[in-house]
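Here's a quick tour for anyone meeting this structure for the first time. Have a look at the sequence and the model, then read on.

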Amino acid sequence: MLIFQPEGKRTQAVEGKTILDAAKDLGVQIQSICGGRGTCGKCRVIIRDGRENLSKPSESELRFLSEEELDEGFRLACQAIILRGRKIVVEIPPESGLNRQRLLLKGVERSIALKPAVRRITIRLKEPTLTDQESDVDRLLDAIESKVGFRPTISYEALRNIPRVLREGEWVITAILWMDREVIAVYPGVRDKPPYGVAVDIGTTKLALYLLDLDDGRVLASASTMNPQIPYGEDVISRILYIMEGEENLERLHNVVVGAVNELIDEVCGKVG
Ligand code: FES
């Protein structure tokens, strides 16, 4: 059993893994500027129990840690390899952790002409008659074409809903257009709610996300977090080196950042209800 303090998170102590890798797998954050290559000395942890279940201090640990520190149980998390799957208690001192920080989200807003990828149009269609038996889809696409000057394609999801939506809205329909190319959704009648969009700033250390009203460009809510790729390397070069170590590492870095963006989207949506 491997236990990380002060969070108290625990996992199986897997032989052959480093403390740093086990922490990453568990979502416990430890500073690792060099991405675990033993060259930055930032991943210092204190082994509170089970020292005998770890490998002997490596050369880089002897370089970065004094004799007293080694006696006190200090190790570099990226160098300490689990030799036996027994109990190991690891304390992460505050200077080695990656605590959530207050991030700057506000800046100077400039007014720009909006050209969002998604926009809505509301159209009243002619009802079919015995002499006008055009299909619902063509009726809608003809109306869009005469209103905006182009004929979009239509997504399968929107296509399935057209007959119901047209009748529920008594032949008034709000269509959501993507890139002025494709109808991606349809709603009965006049839809008051604006389309929403998110702007995401993925920085090396921070992620910032803004929820926007795409009708007028207003920022409705914002949220931020530390970039979860940091434990894999604090700078871009370290992350590139990490990716070069194995194809699965690219996927891992991709997944952690996508997961964090999705969490931020949930957070901003929760803020505006
Ligand atoms: S020495 Fe850099 S992560 Fe361990």
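How many salt bridges does the rule find across the interface of domain 1 and domain 3? The rule finds 1 there, where a salt bridge is a side-chain nitrogen of Lys or Arg within 4 Å of a carboxyl oxygen of Asp or Glu. Keep in mind that this is a predicted model, so local features need pLDDT of at least 70 and side-chain atom pairs count only at pLDDT 80 or more, while totals for chains, interfaces and linings use all residues. Residues are numbered from 1 along each chain as its sequence is written, and side-chain values use heavy atoms, with hydrogens and water left out.

**Domains and their interface**

- The domain assignment gives domain 1 (2–96), domain 2 (118–188) and domain 3 (196–272); bounds like these come from an automatic or database domain assignment.
- The C-alpha centres of domain 1 and domain 3 sit 27 Å apart.
- Their contact (heavy atoms within 4.5 Å) draws 9 residues from domain 1 and 11 residues from domain 3.
- Between them, domain 1 and domain 3 bury about 820 Å², with 44% of it on carbon and sulfur atoms; buried area is the accessible area (1.4 Å probe) that two parts lose on being put together, summed over both.
- On the domain 1 side, Lys24, Ile33 and Arg37 lose the most area to domain 3, together 57% of what that side buries.
- Glu245 and Arg37 meet through their side chains in a salt bridge, at 2.9 Å from N to O.

**Salt bridges elsewhere**

- The structure holds 19 salt bridges.
- In one of them, Glu61 pairs with Arg75, and the closest N and O atoms are 2.7 Å apart.
- That pair links distant parts of the chain, with Glu61 in helix α2 (residues 59–64) and Arg75 in strand β4 (residues 74–76), 14 residues apart. Helices (H or I, at least four residues) and strands (E, at least two) are DSSP runs, numbered from the N terminus.

**Sheets and hairpins**

- An open sheet has 4 strands in the order β6-β8-β9-β7, with mixed pairing; two strands pair if DSSP finds at least two bridges between them.
- β6 (118–124) and β7 (153–154) are at the edges with a single partner strand each, so one side of each has no neighbour in the sheet.
- Strands β8 (residues 172–178) and β9 (residues 182–188) run antiparallel and are joined by 6 bridges, and Trp178 has Glu182 in β9 as its bridge partner.
- Strand β10 (residues 196–202) runs antiparallel to β11, with 7 bridges, and a hairpin joins the two through 3 residues.
- β11 (residues 206–213) and β12 (residues 219–226) are antiparallel too, joined by 7 bridges, and Leu212 stands opposite Val219 in β12.
- The hairpin of β11 and β12 has 5 residues between the strands, and Gly217 takes a positive phi near 80° there.

- Most residues other than glycine have a negative phi, and most peptide bonds are trans.
- Gln5 and Pro6 are joined by a cis peptide bond, with omega about 10°; Pro6 is in the loop between β1 (2–5) and β2 (9–11).
- Glu170 is not a glycine, yet has a positive phi of about 50°; Glu170 lies in the loop between α5 (156–168) and β8.
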